[in-house]
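Subject: Structure for you to look at

Hello,

Here is the structure I promised to pass on.

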Amino acid sequence: MPAAVVWLIVAALAAIGEVMTTGLFLATVALAAALTAVLAVFLGSVVVLQLIAFAVLSLGGLLLVRPLAIHLLGLESVFHHLPMPIFSQSHEIGKHGVVTD
């Protein structure tokens with residue numbers, strides 16, 4: 001199997017994982033894997049260079065792109081002041097609701 005195909009599979013799995021979570025961690029990994037797939041076409045079968053590229057792109061995404069995306073999406077309060085996982089209903093405790101049938 002060509003290396004580019006392997007990186008595209010990694011990108012797809014990371015993208016699916018990101019859809020199931022909300023931390024924007026796997027989105028940067030998916031993007032890094034997709035870019036590494038493009039690089040794999042040009043680098044050939046030099047696996048060490050591919051792994052270095054993937055590591056640099058992933059870390060760059062986590063350290064640079066993720067904070068910028070959180071800021072641009074206005075999610076600072078969600079990620080920095082979250083007492084429980086984002087998928088919980090803890091923010092609804094103590095509020096009144098209307099039941100409709």
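The mean pLDDT of the protein is 84, and 86% of the residues reach at least 70. Among the elements, helix 1 (residues 3-20) has the highest mean pLDDT, 94, and helix 4 (residues 76-80) the lowest, 68. Where pLDDT is low, the predicted coordinates should not be read in detail.

Helix 2 spans residues 25-43 and helix 3 spans residues 47-73. They pack at an angle of about 145° with 8 Å between their axes, and the crossing is right-handed. On the helix 2 side, the contact is made by Phe-25, Thr-28, Val-29, Ala-32, Ala-33, Leu-35, Thr-36, Leu-39, Ala-40 and Leu-43. Their counterparts in helix 3 are Leu-49, Gln-50, Ala-53, Phe-54, Leu-57, Ser-58, Gly-61, Leu-62 and Arg-66. By type, the residues of this contact are 13 nonpolar, five polar and one charged.

Helix 3 itself is kinked by about 40°, with the kink centred on Gly-61. The buried residues of helix 3 are Gln-50, Ala-53, Phe-54, Ser-58, Gly-61, Arg-66 and Ile-70. After the helix comes Gly-74, which has a positive phi, near 70°.

Gln-50 counts as buried because its relative accessibility is 3%, and the cut-off for buried is under 20%. Leaving aside residues up to four places away in sequence, Gln-50 touches Thr-36, Ala-40 and Leu-43, as well as Ala-3, Trp-7, Gly-44 and Ser-45.

Is Ser-58 buried or exposed? At 9% relative accessibility, Ser-58 falls under the same cut-off and so counts as buried. With residues up to four places away in sequence again left out, Ser-58 touches Thr-28, Val-29 and Ala-32. Ser-58 and Ala-33 are 25 residues apart in sequence, and their C-alpha atoms are 8.0 Å apart in space.

Regards

Notes: Residues are numbered from 1 along each chain as its sequence is written. This is a predicted model: local features need pLDDT of at least 70, side-chain atom pairs count only at pLDDT 80 or more; totals for chains, interfaces and linings use all residues. Side-chain values use heavy atoms; hydrogens and water are left out. Axes are lines fitted to C-alpha atoms, for helices over the stretch in contact, and angles run from 0 to 180 degrees between N-to-C directions. Helices (H or I, at least four residues) and strands (E, at least two) are DSSP runs, numbered from the N terminus. A crossing is left-handed if the near helix is turned anticlockwise from the far one by less than a right angle, and right-handed if clockwise. Contact means heavy atoms within 4.5 Å. Ala, Val, Leu, Ile, Met, Phe, Trp, Tyr, Cys and Pro count as nonpolar, Asp, Glu, Lys and Arg as charged, and the others, Gly among them, as polar. Buried means under 20% relative accessible area, exposed over 50%, partly exposed in between (1.4 Å probe, protein chains only). The bend at a residue is the angle between axes fitted to the seven residues ending there and the seven starting there. pLDDT is the predictor's confidence in each residue, from 0 to 100.
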